[in-house]
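Dear colleague,

Please find below the structure that I am handing over to you. A short account of the findings follows it.

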Amino acid sequence: VYDAETIRGNARALRDAFVPRFPRLKLRYALKANTNVAIVRLILGEGLLPEVVSEGEIRAAFRAGAKGSDVLFTSSSKSPSEIDFALGHDVVLNVDNLDELGQASRAATALGTTARVSFRLNPGVDPDTLHQINTGIPESKFGVHLDGGDARRAYEAAVALPGISVAGVHCHIGSQITDPAGYEETARKMLAFVRELKRDLGLTLSFVDLGGGLGIPFSDGQAVMGADDLARALKPIWDEEVALLGYEPELWVEPGRFLVAQAGVMVARVNSVKTTPLKTF
Ligand SMILES: *Cc1c(COP(=O)(O)O)cnc(C)c1O
């Protein structure tokens, strides 16, 4: 059972933290945290937009009232039919690798449309969370490496390909992150790269997506970073970099678990009690 007021409260905490500080902003909900359409509808009703990892999640977002151009489609692997479906609905494709970029270009050309794309970049930052949910470190499978020139080459390729319109940059460094330090390092690296894209390729982007991953407490009294702590930590870095950049892209943030993980309880009933020599079930 999920509590709507808790979810709304979390959405408002996110908005209260980010909206006053970042005039150009989109807050997203990563549907993989909970794809129940009633919950997605409730969160969209709070002004968030969907971030999805599959055609099924795009469809869930549509059932919850989203339109295609509001959806960001990230995943490390998209099937040809998912790419066609996304392009047919004007969904923003968050491309994971150069192979996928070529597929998107060919699909868009065949459909007579233009794919709005970003790349998921791997910023090479360790946010100090569990290794298994650490997605922005060099050995992770996700995204194009920022260090070493791969990201730069990916954008050069995107600019040159037919059917592709470059819209932004994206990263997501992990889940259950309880300290802003990893985000700060990530924001600096991402925004320095956005400056490089403008200086060397003449690219101005509509958005910079810094991912989700905001942690939640697992025990009473556990201190974790709140949305306000994160927004406060990012603000001076963002302002400084935007001044250097000479234009202000939209900041996108896309938490999942932060919105729903503390809103659920499991309701059950004990049918019978069994005592064994070792345990009581
Ligand atoms: C899982 C995921 C998120 C959300 O992560 P949370 O830990 O639930 O906040 C955001 N963006 C991407 C790309 C993801 O894979």
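A residue is called near a molecule if one of its heavy atoms lies within 4 Å of that molecule. Please keep in mind that this is a predicted model.

The ligand

There are 14 residues around the ligand, and those that come nearest are Lys 32, Ser 175, Gly 213, Glu 254 and Arg 257. By type, this shell consists of two nonpolar, seven polar and five charged residues. As for its location, the ligand sits in the largest pocket.

In Gly 213 it is a backbone N or O atom that lies 2.8 Å from an oxygen atom of the ligand. Glu 254, by contrast, has a polar side-chain atom 2.6 Å from a nitrogen atom of the ligand. On its own the ligand has 390 Å² of accessible area, of which the protein covers 94%.

The aromatic pairs

A pair of aromatic rings is described by the distance of the centres and the angle of the planes. Six aromatic pairs are found in a search of the whole structure. One of them joins Tyr 155 and Phe 193: the centres are 5.6 Å apart and the planes stand at 65°. An angle over 60 degrees counts as edge-to-face, so this pair is edge-to-face. Tyr 155 belongs to helix H6 (residues 150-160) and Phe 193 to helix H7 (residues 181-201); the pair therefore ties together parts that are 38 residues apart in sequence.

Yours sincerely,
A colleague

Key. Residues numbered from 1 in each chain as written. Predicted model: local features only at pLDDT ≥ 70, side-chain atom pairs only at ≥ 80, totals over all residues. Heavy atoms only, no water. Polar contact = N/O pair within 3.5 Å; in protein donor to acceptor, adjacent residues only side chain to side chain. Areas by Shrake-Rupley, 256 points an atom, 1.4 Å probe, with all protein chains shown as cover. 1 Å grid on protein atoms, 1.4 Å probe; cavity = no way out; pocket = protein on both sides within 12 Å on 5 of 7 lines; lining within 4 Å. Sits in = over half its atoms within 2 Å of the grid points. Nonpolar A, V, L, I, M, F, W, Y, C, P; charged D, E, K, R; others polar. Phe/Tyr/Trp six-rings, centres within 6.5 Å; stacked < 30°, edge-to-face > 60°. Helix = DSSP H or I, 4+ residues; strand = E, 2+ residues; numbered from the N terminus.
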